[in-house]
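User: I would like to learn how to read a sheet and the residues in it. Please take me through one example.

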Amino acid sequence: LFCPPGAGASLDYWRFNARLSRLEIVTEDNVRPRVKLIGAPVRLVVDLPGITLGQPRSQKAIGSYVQQVRIGQFNPQTTRIVVALGSQYT
């Protein structure tokens with residue numbers, strides 16, 4: 001899943017590298033992500049305060065361990081990325 005540079009107001013680039021199971025985020029401002037793990041179903045939630053997405057919400061199916069990655073504007077000041085983990089994740 002890939003967002004090309006320049007597509008968002010403050011989010012320069014993001015993608016989920018399925019081969020490495022790595023979420024890559026580049027912003028034009030210094031941001032301190034807030035990360036939490038939520039259960040039932042298991043999800044990794046990454047909030048980017050002060051970051052505007054500047055595009056519609058999107059989602060992409062990945063595989064078995066990481067089922068899906070979603071990104072959207074959670075509120076006017078926060079972009080949220082949700083990584084839905086598969087049932088194999090412990």
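Analyst: What follows goes from the sheet to its strands and then to one arginine. This is a predicted model, in which local features need pLDDT of at least 70, side-chain atom pairs count only at pLDDT 80 or more, and totals for chains, interfaces and linings use all residues. Residues are numbered from 1 along each chain as its sequence is written, and side-chain values use heavy atoms, with hydrogens and water left out.

User: What is the order of the strands in the open sheet?

Analyst: Strands (E, at least two residues) are DSSP runs, numbered from the N terminus, and two strands pair if DSSP finds at least two bridges between them. Here five strands form an open sheet in the order β4-β5-β8-β7-β6, and the pairing is antiparallel. β4 (34-38) and β6 (58-61) are at the edges with a single partner strand each, so one side of each has no neighbour in the sheet. On average, neighbouring strands are turned by 15° against each other, direction ignored; the axes are lines fitted to C-alpha atoms.

User: How many bridges join β5 to β8, and how many pair β7 with β8?

Analyst: β5 (residues 43-49) and β8 (residues 78-85) run antiparallel and are joined by seven bridges. Val 45 has Val 82 as its bridge partner in β8, and Pro 49 has Thr 78. β7 (residues 66-75) pairs with β8 over eight bridges, also antiparallel, with Gln 68 opposite Ala 84. Two residues lie between β7 and β8 in their hairpin.

User: Are the residues of β8 buried or exposed?

Analyst: In a regular strand the side chains alternate between the two faces of the sheet. In β8, Thr 78, Arg 80, Val 82 and Ala 84 point one way, Thr 79, Ile 81, Val 83 and Leu 85 point the other way, and all are buried, that is, under 20% relative accessible area with a 1.4 Å probe, protein chains only. Because eight of its eight residues are buried, β8 is largely enclosed by the rest of the structure.

User: Which side chain of opposite charge is nearest to Arg 43?

Analyst: A salt bridge is a side-chain nitrogen of Lys or Arg within 4 Å of a carboxyl oxygen of Asp or Glu. Arg 43, in strand β5, is buried but has no salt bridge, and the nearest side chain of opposite charge, Asp 47, is 11 Å away. A polar atom of the Arg 43 side chain lies 2.6 Å from the backbone oxygen of Pro 41.

Conventions:
Helices (H or I, at least four residues) and strands (E, at least two) are DSSP runs, numbered from the N terminus. Axes are lines fitted to C-alpha atoms, for helices over the stretch in contact, and angles run from 0 to 180 degrees between N-to-C directions. Buried means under 20% relative accessible area, exposed over 50%, partly exposed in between (1.4 Å probe, protein chains only). Lys and Arg count as positive and Asp and Glu as negative; His and the chain ends are not counted. A polar contact is a pair of N or O atoms within 3.5 Å; within protein, one must be able to donate a hydrogen and the other to accept it, and residues adjacent in sequence count only if both atoms are side-chain atoms.
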